[in-house]
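Reader: I have a structure open and would like to go through it. Can we start with the helices?

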Amino acid sequence: MSNEKKLLAKPASGAQFLLKEPPPEHPPSRRVSIPGDNTGLKLTLYQYQTCPFCCKVRAFLDYYGISYDLIEVNPVLRKEVKWSSYKKVPVVVAETPQGWQQLNDSSMVMSALYSYLYDPSRELPELASYYPPLTATDADGRRRTDIMNKYFLMYGDRDTKRTKEDIK
Ligand SMILES: N[C@@H](CCC(=O)N[C@@H](CS)C(=O)NCC(=O)O)C(=O)O
């Protein structure tokens, strides 16, 4: 077999991880309620307390003063996230008028939420659709999924007044 990586990529289409029903209820381990949080976001973070990616998401939420419920996942049984087809943490679930929007991957969570804070007129399900998972098979036959655009903010056509020239 050639050493060249053969990627058989299949982008997912349509709404990304928009749940029609809420995930099974688990009592939150902690409720972080920020007075003056006017984002309108209703978020639940599924996490391991010691996971660095989860820590990154908590730091983001705390820095921007966003309230959230926190569900600590048992790392052995993982029953709190059995409902999820995405098998890692952190996972954030946002209650939206369209359903329960699942956000996977710490970088995607931050990019999607920051894009929402910048322009809340675009709902999270729309923003989440700009971060499609892409599954590929590498030369060793391993299936790998990554989330496209996870480092990008979705400003649409808005003028952010931040061009390359502004950032010096
Ligand atoms: N790229 C992901 C990595 C997340 C990740 O690797 N999480 C680990 C915990 S630190 C995980 O859930 N591993 C699977 C498991 O524990 O079952 C992100 O940034 O969120």
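Reader: How are α1 and α2 set to each other: roughly parallel, roughly antiparallel, roughly perpendicular or oblique?
Author: This is a predicted model, in which local features need pLDDT of at least 70, side-chain atom pairs count only at pLDDT 80 or more, and totals for chains, interfaces and linings use all residues. Residues are numbered from 1 along each chain as its sequence is written. The axes of α1 (residues 52–63) and α2 (residues 106–118) cross at roughly 15 degrees and come within 9 Å. The helices are therefore roughly parallel to each other, a term for angles under 35 degrees. Axes are lines fitted to C-alpha atoms, for helices over the stretch in contact, with angles from 0 to 180 degrees between N-to-C directions. Helices are DSSP runs of H or I with at least four residues, and strands are runs of E with at least two, numbered from the N terminus.

Reader: Which residues meet there?
Author: From α1, Phe53, Lys56, Val57 and Phe60 meet Ser106, Val109 and Met110 of α2. Contact requires C-beta atoms, placed from the backbone, within 7 Å.

Reader: OK, the sheet. What is the strand order?
Author: The open sheet has six strands in the order β2-β7-β6-β4-β5-β3, with mixed pairing. Strands pair if DSSP finds at least two bridges between them.

Notes:
Parallel < 35°, antiparallel > 145°, perpendicular 65-115°, else oblique. Contact = placed C-beta atoms within 7 Å.
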